[in-house]
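Here are my notes on this one, in the order I'd go through it with the viewer open.

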Amino acid sequence: MTAIRHAATAAFAALLLAGCVHPITMITETAPPRSQAHLVPKKVAYVMTDADRDMEVITPGGSGDRVSYYPYRDLEKSIRDALRAVYRDVVVLRTAADAKANEATGVSLVFAPRITTASSSSSWISWPPTSFTAEVACVVTDAAGAEVTRVRAAGNGTAEFGEFKGDFGLAARRAATRLTSQLSSEVRRNEKLR
């Protein structure tokens with residue numbers, strides 16, 4: 001009987017150490033300002049596959065727990081908004097490989113984003129992350145697929161325990177908002193992307 005109790009205690013301790021995985025979202029509603037008078041008169045595209053949208057990521061939260069989210073699905077609107085703040089027309093492609101289709105539809109630049117994220121928490125009593133980082137690195141090609149340049153943007157977000165109030169992805173959304181703003185600025189600043 002003692003052996004069973006010890007085994008049960010060990011299993012319970014392992015469960016506590018493993019922590020739980022909690023879903024959050026990075027979706028933000030804010031977008032960089034879009035001034036019609038200052039838009040670059042080009043049609044551009046970004047590549048977002050179904051496999052990208054379905055990719056789940058799990059990173060650390062607080063108190064030994066972890067958080068799960070879908071960075072491509074959650075940040076797709078942010079990427080589109082960043083490009084719409086610079087260009088007249090923005091479309092999505094399922095693949096960048098079809099150069100003839102890109103040229104036929106008038107796409108002049110294709111952005112292929114790769115997203116990386118990280119999270120952590122200083123809290124030992126609550127699971128939502130108090131610190132979150134999101135980074136996007138885009139290879140930009142012309143319609144024929146030749147590389148034009150690369151663009152990188154990052155955003156950091158923090159949130160304290162008292163701010164959550166049921167908004168468990170607050171640090172992630174703050175990071176996404178900063179990432180969107182920086183991506184728009186980096187694209188606008190790059191001479192090769194005009």
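1. A word on terms before anything else: helices (H or I, at least four residues) and strands (E, at least two) are DSSP runs, numbered from the N terminus. In that numbering, Arg73 belongs to helix 3. Keep in mind as you read that this is a predicted model.

2. Overall layout. The protein has five helices and eight strands, and going from the N terminus they come in the order α-β-β-α-β-β-α-β-α-β-β-β-α. The radius of gyration is 21 Å, well over the 16 Å from the globule rule for 194 residues, so the protein is more spread out than a compact globule. Along the principal axes, the C-alpha atoms fill a box of roughly 75 × 35 × 20 Å. Buried residues come to 42% of the 194. Of the contacts with a separation of 6 or more, 70% are between residues 24 or more positions apart.

3. Nonpolar side chains tend to be buried together in soluble globular proteins. Here the largest nonpolar core has 39 residues, and Tyr87, Phe111 and Val187 are the ones that touch the most other members. Elements giving two or more residues to this core include strand 2 (40-47), helix 3 (71-84), strand 6 (107-120) and helix 5 (170-189). Helix 5 is the top contributor, with eight residues.

4. Val187 and the second core. Which residues does Val187 touch, once those up to four places away in sequence are set aside? They are Leu83, Val86, Tyr87, Phe111, Val151 and Leu193. There is also a second, separate core of five residues, with Ala45, Val47, Leu93 and Val110 among them.

5. Lys43 deserves a look. This lysine is in strand 2, and it is buried without a salt bridge. The nearest side chain of opposite charge is Asp89, 4.2 Å away. What Lys43 does have is a polar side-chain atom 2.9 Å from the backbone oxygen of Thr105. Beyond its neighbours within four places in sequence, Lys43 contacts Arg88, Asp89, Val91, Thr105, Gly106, Val107, Ser108 and Leu109.

6. Ser68, another polar residue to check. Ser68 sits in strand 4 and counts as buried because its relative accessibility is 8%, under the 20% cut-off. Its side chain makes a polar contact of 3.4 Å with the side chain of Glu56. With residues up to four places away left out, Ser68 touches Val21, His22, Pro23, Ile24, Glu56, Val57 and Ile58.

7. Back to Arg73. At 39% relative accessibility, Arg73 counts as partly exposed. Its contacts outside four places in sequence are Arg53 and Asp54, and the side chains of Arg73 and Asp54 make a polar contact at 3.3 Å.

8. Charge pairs. Side chains of opposite charge can pair when their charged atoms come close. The structure holds twelve salt bridges. One of them joins Arg114 and Asp52 at 3.2 Å, N to O. Arg114 is in strand 6 and Asp52 in helix 2 (residues 50-53), so this pair ties together parts 62 residues apart in sequence.

9. Glu147 and Arg150 form a salt bridge at 2.9 Å, N to O; Glu147 is partly exposed at 46% and Arg150 is exposed at 55%. Arg189 and Glu186 form another, at 2.5 Å. Both lie in helix 5, three residues apart, about one turn of the helix. Arg189 is exposed, with a relative accessible area of 53%, and Glu186 is partly exposed at 25%. Finally, salt bridges with shared partners link Asp50, Arg53, Glu76 and Arg94 into one network.

Definitions and conventions:
Residues are numbered from 1 along each chain as its sequence is written. This is a predicted model: local features need pLDDT of at least 70, side-chain atom pairs count only at pLDDT 80 or more; totals for chains, interfaces and linings use all residues. Side-chain values use heavy atoms; hydrogens and water are left out. A nonpolar core is a set of buried Ala, Val, Leu, Ile, Met, Phe, Trp, Tyr and Cys residues joined through side-chain atoms within 4.5 Å. Buried means under 20% relative accessible area, exposed over 50%, partly exposed in between (1.4 Å probe, protein chains only). Contact means heavy atoms within 4.5 Å. Lys and Arg count as positive and Asp and Glu as negative; His and the chain ends are not counted. A salt bridge is a side-chain nitrogen of Lys or Arg within 4 Å of a carboxyl oxygen of Asp or Glu. A polar contact is a pair of N or O atoms within 3.5 Å; within protein, one must be able to donate a hydrogen and the other to accept it, and residues adjacent in sequence count only if both atoms are side-chain atoms. The radius of gyration is taken over C-alpha atoms; the globule rule is 2.2 Å times the number of residues to the power 0.38.
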